[in-house]
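Visitor: I would like to learn how to read a few features of a model. Where do we start?

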Amino acid sequence: MPLTFLTADRDLDDQAGQAVEAPLPHAGPDRWRRPYRPGPGRVGAAAVLLLLASFVLLSAVIIVAAGALPAAAVCAGIAVLIIGLAVRFLRVGVWVSAHGLRQVELLRTTTLRWSEVAAVRTAQRPVRWLGVPRTVQGQALVVERRDGSALRTLVTDHNADFLARPEAFDLAADVLEAWAAEYCQ
């Protein structure tokens, strides 16, 4: 039994078996989008953070039942911070649109217009393994600015999005390079 309401491309499936060209709701070039899915490591870490937040919120409820409202407010505030951290952790990566390229990090975001980007290319270099100081030989997506500087490398084949998924890294790098080739002037 096909569950077409669960698929994002249900409009592309025709009853007669013919494909119908209908754009997806998020297909506009002006929307910021990450051209790859977050990896299982990133999603798993965010799930653990959200589980921790649920325990902290449960603690806040127990503390409210005990009658200590200031302590419950502190627990609720900590839970909100943990939830915000989990959401931000899921958003980390490179995002593109017709306006430019956006590099989202945990605590800051860098946005470049396509006119400021000189090149986007894949390079062999020592990369961090899951963001820890230990480095291994791998591939990194390098974004070079027109002024000669480079953005901090976030997309590597050993980060939380692409660890043990080299095909996904190659596909994401190809898509990002294609966006740069189309929009860089």
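**Reading the model**

Guide: The largest pocket has a volume of about 500 Å³. Closest to its centre, among the 18 lining residues, are Leu130, Gly131, Arg152, Leu154 and Asn159. This is a predicted model: local features need pLDDT of at least 70, side-chain atom pairs count only at pLDDT 80 or more, and totals for chains, interfaces and linings use all residues. Residues are numbered from 1 along each chain as its sequence is written, and side-chain values use heavy atoms, without hydrogens and water.

Visitor: How is a pocket found?

Guide: Rolling a probe the size of a water molecule over the atoms shows where empty space is left. Here a pocket is an open set of points on a 1 Å grid where a 1.4 Å probe fits, with protein on both sides within 12 Å along at least five of seven lines; lining residues have an atom within 4 Å of a point.

Visitor: Which strand gives the most to the lining of the largest pocket?

Guide: Strand 4 (residues 117-128), with 4 residues. The lining divides into 9 nonpolar, 4 polar and 5 charged residues.

Visitor: How do I read a pair of packed helices?

Guide: Two packed helices are described by the angle between their axes and the distance between the axes. Helix 1 (residues 40-66) and helix 2 (residues 69-91) pack at about 170 degrees, with axes 8 Å apart. That makes helix 1 roughly antiparallel to helix 2 (angles over 145 degrees count as such). Their contact has 25 nonpolar, no polar and 1 charged residues.

Visitor: And strands?

Guide: Strand 2 (residues 100-104) and strand 3 run antiparallel, joined by 5 bridges. They form a hairpin with 4 residues between them.

Notes
Points joined across faces, edges and corners; volume = space filled by probe spheres on them. Helix = DSSP H or I, 4+ residues; strand = E, 2+ residues; numbered from the N terminus. Nonpolar A, V, L, I, M, F, W, Y, C, P; charged D, E, K, R; others polar. Pairing = 2+ DSSP bridges. Axes fitted to C-alpha atoms, helices over the stretch in contact; angles between N-to-C directions. Parallel < 35°, antiparallel > 145°, perpendicular 65-115°, else oblique.
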